[in-house]
Amino acid sequence: MKTVSNDSTYRLVLTALIAAVGMLLGYIETLVPLPIPVPGIKLGFANIAILFTLYAVDTRMAAFVAVAKLLVVAFTFGSPFMALFSLGGTALAFVAMVLLKNSKRIGLMGVSAAAAVCHNIGQLCVATFALGTPSVWTLAPILVVAGVVTGCITGLIASLVLKSFGVREARNQP
């Protein structure tokens, strides 16, 4: 599977399946308690589905997967307030993924790490405005380091999944 068929029904079904996997990964992630006393640190495994869609299908379908994952996970396993935080993080992370995907200097792990850091920054922005507490920015250094680590792990897994499906992660795919 080097490229995805242009058949719109095939692309829609494939994207829906990937979105379901992303939602499942997001749910599983809510069940895994991390032994870190800092709010906002997550493994980010649901982003594997978004990265896969971005590299194997296209940007539009990746946006669909990101929004579907955000809404289902936040409202099924979280709250509207969680959805607000997730929206800020997801939006900034997705923009970073799209902008960096075609970079000749940054591979998939770098794209994933940058997206994870941007997700944390987006959540800090939402916290600042929604809670009126700029002091949350004292967590930024910890969240940046955590974002790089978890983003690299997520990017590595996404890269392995893409390779197993025969999708090259090369920035200049034919």
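Predicted model: local features only at pLDDT ≥ 70, side-chain atom pairs only at ≥ 80, totals over all residues.
Close-up 1. The lining comprises 38 residues, among which G40, K42, H119, N120 and Q123 are the closest to the pocket centre. Two or more lining residues are given by each of helix 1 (8-31), helix 2 (47-56), helix 3 (59-77), helix 4 (80-101), helix 5 and helix 6. Sorted by class, the lining of the largest pocket holds 21 nonpolar, 14 polar and three charged residues.

**Close-up 2. Packing of helix 5 with helix 6.** Helix 5 (residues 108-131) packs with helix 6 (residues 140-164) at an angle of about 140°, their axes being 6 Å apart, and the two helices are therefore oblique to each other. Their crossing is right-handed, and the residues of the contact comprise 14 nonpolar, eight polar and no charged.

**Close-up 3. The second largest pocket and its lining.** This pocket, with a volume of about 180 Å³, is lined by 11 residues, of which I18, V21, F52, V161 and F165 lie nearest its centre. Helix 1 and helix 2 each supply at least two residues of this lining, and the largest share, five residues, comes from helix 1. The lining of the second largest pocket divides into 11 nonpolar, no polar and no charged residues.

**Close-up 4. V161 and F52.** V161, which lies in helix 6, is partly exposed, with a relative accessible area of 27%. Although V161 and F52 are 109 residues apart in sequence, their C-alpha atoms are 7.6 Å apart in space.

Conventions:
Residues numbered from 1 in each chain as written. Heavy atoms only, no water. Axes fitted to C-alpha atoms, helices over the stretch in contact; angles between N-to-C directions. Helix = DSSP H or I, 4+ residues; strand = E, 2+ residues; numbered from the N terminus. Parallel < 35°, antiparallel > 145°, perpendicular 65-115°, else oblique. Left-handed = near helix turned anticlockwise from the far one by under 90°. Nonpolar A, V, L, I, M, F, W, Y, C, P; charged D, E, K, R; others polar. Buried < 20%, exposed > 50% of the residue type's maximum accessible area, 1.4 Å probe, protein only. 1 Å grid on protein atoms, 1.4 Å probe; cavity = no way out; pocket = protein on both sides within 12 Å on 5 of 7 lines; lining within 4 Å. Points joined across faces, edges and corners; volume = space filled by probe spheres on them.
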